[in-house]
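The tour below goes from selection to selection and says what is found at each stop.

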Amino acid sequence: MLILPSRRQFLTGLGAGAGLVAATGVYAFDVEPLHRLVVTPYAPTLPGWDPDLRLRIAVLADFHVCEPFMPFDRVAEIVDATNALEPDLILMLGDYPAGRIAWRKLPLTDFARIVEGLKAPLGTHAILGNHDWWDDHAVQRARRGTPAVKKLLEARGIPVLENQAVRLVKDGRPFWIAGLADQQPFQKTWEWVSFADVPRTLEAVTDAAPVILMAHEPDIFMKIPERVSLTLAGHTHGGQVRILGRAPAIRKVHGHDYSYGHVVQDGRHMIVSGGFGMSRIPVRFGVPPEIVLLDLGQTDRTPAA
């Protein structure tokens, strides 16, 4: 015999369900994106890596500064938390302005001043992302030029690599940091334009030292040769919403999931950061804002929890 719930039971269940939905919405809209900050450690064994090169790298992606979702005090909090990890090197993977979710845009001049406070013996290096182009109306109209944020960061001593590579040395052991130009610099166009040039970037690598490549969008990973020990990417925000380890909003690339985390494909390695900010919709759920912390080589330092 079918037993139907009483009116009181029905209303109680309806109220509980509505409360759960409301609580989830508050968490996704406010708690996770604005108040949580985690350190995600990786210590991968990489192809072509010098095992005697011990290197700690902090990776920062997708700030998307704006009010109320990424105010300057939040940026300062991220800077302080990064410095506390005592990295040898800091890498920034692009997308510094917020785009259309911003209730109020914030001056990138002040953003550059705050991230100048990042401290690492081997410095801070950066690349640009699509929003650095999209949010710069002058370069969008001209379909050429240099986004203002590049000049602002470089004026603060943070080089921005666009199809370039620089050779660094840690404890007498050399390695290369390479940075691709953005793959989606122009918005609302029927023409697919990418400024990323992998062959040109790697032509600058003049010896056999290991290479770490910065690429804002992870889709290009299929074109990265074995010469690169590790590719670092952002852009996806981990999907912004992850349920049971999956990001329903992010499409697969030729059957491969590049939405988040450590990807190993044909012996090549990529780590996709969940980043800090948001775009399109101002929610994060199941993928809290993160600093990626890499410990590479034989090291007695335990990755941060």
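Select helix H6 (residues 148-155) and colour Lys151 and Ala155: both are exposed, on the other side of H6 from its buried residues. Exposed stands for over 50% relative accessible area, buried for under 20% and partly exposed for what lies in between, with a 1.4 Å probe and protein chains only. Helices (H or I, at least four residues) and strands (E, at least two) are DSSP runs numbered from the N terminus. This is a predicted model, in which local features need pLDDT of at least 70 and side-chain atom pairs count only at pLDDT 80 or more, while totals for chains, interfaces and linings use all residues. Residues are numbered from 1 along each chain as its sequence is written, and side-chain values use heavy atoms, with hydrogens and water left out.

An α-helix has 3.6 residues a turn, so residues three or four places apart point the same way. Show what these buried residues pack against: helix H3 (108-115), strand S4 (124-126) and helix H4 (130-134). Contact here means heavy atoms within 4.5 Å. Just after H6, stop at Gly157, which takes a positive phi of about 85°.

Move to H3. Its buried residues are Leu108, Phe111, Ala112, Ile114 and Val115. Their arc is only 160° around the axis, which puts them on the same side of H3. Among the elements that cover them are H2, S3 and H6.

Which residues have the most contacts inside the largest nonpolar core? Select Phe63, Met92, Tyr96, Phe111, Val115 and Leu153, out of 34 residues in that core. A nonpolar core is a set of buried Ala, Val, Leu, Ile, Met, Phe, Trp, Tyr and Cys residues joined through side-chain atoms within 4.5 Å. Strand S2 (55-60), helix H2 (72-84), strand S3 (89-92), H3, H6 and strand S11 (290-296) each supply at least two residues of this core. The largest share, five residues, comes from H3. Centre the view on Phe111 and show its contacts: leaving out residues up to four places away in sequence, Phe111 touches Phe63, Val65, Phe72, Val75, Met92, Tyr96 and Leu153. Another core, of 25 residues, lies apart from this one; Ile57, Leu93, Phe175 and Leu232 are among its members.

Next, select Thr231 in strand S8 (residues 230-233). Thr231 counts as buried, at 1% relative accessibility. Residues up to four places away in sequence aside, it touches Leu213, Ala215, Phe221, Ile224, His269, Met270 and Ile271.

Most residues other than glycine have a negative phi, and most peptide bonds are trans.

- Glu67 to Pro68: the peptide bond is cis, with omega near 5°. Pro68 sits in the loop between S2 and H2.
- Arg143: phi is positive, about 55°, although Arg143 is not a glycine. Look for it in the loop between helix H5 (137-142) and H6, where Arg143 is partly exposed at 33% relative accessibility.
- Asp171: phi is near 50°, again positive in a residue other than glycine. Asp171 lies in the loop between strand S5 (164-170) and strand S6 (173-179) and is exposed at 66% relative accessibility.

Go on to Ala204, in the loop between helix H7 (198-203) and strand S7 (211-214). Ala204 is partly exposed, with a relative accessible area of 31%. Draw a distance from its C-alpha atom to that of Asn163, 41 residues apart along the chain: the separation is 8.9 Å. With neighbours within four places in sequence left aside, Ala204 is in contact with Ala165 and Trp176.

Finally, zoom out to the whole chain. It has seven helices and 11 strands, and 51% of its 305 residues count as buried. Among contacts with a separation of 6 or more, 73% are between residues 24 or more positions apart.

Notes:
The arc is that of the directions from the helix axis to the C-beta atoms.
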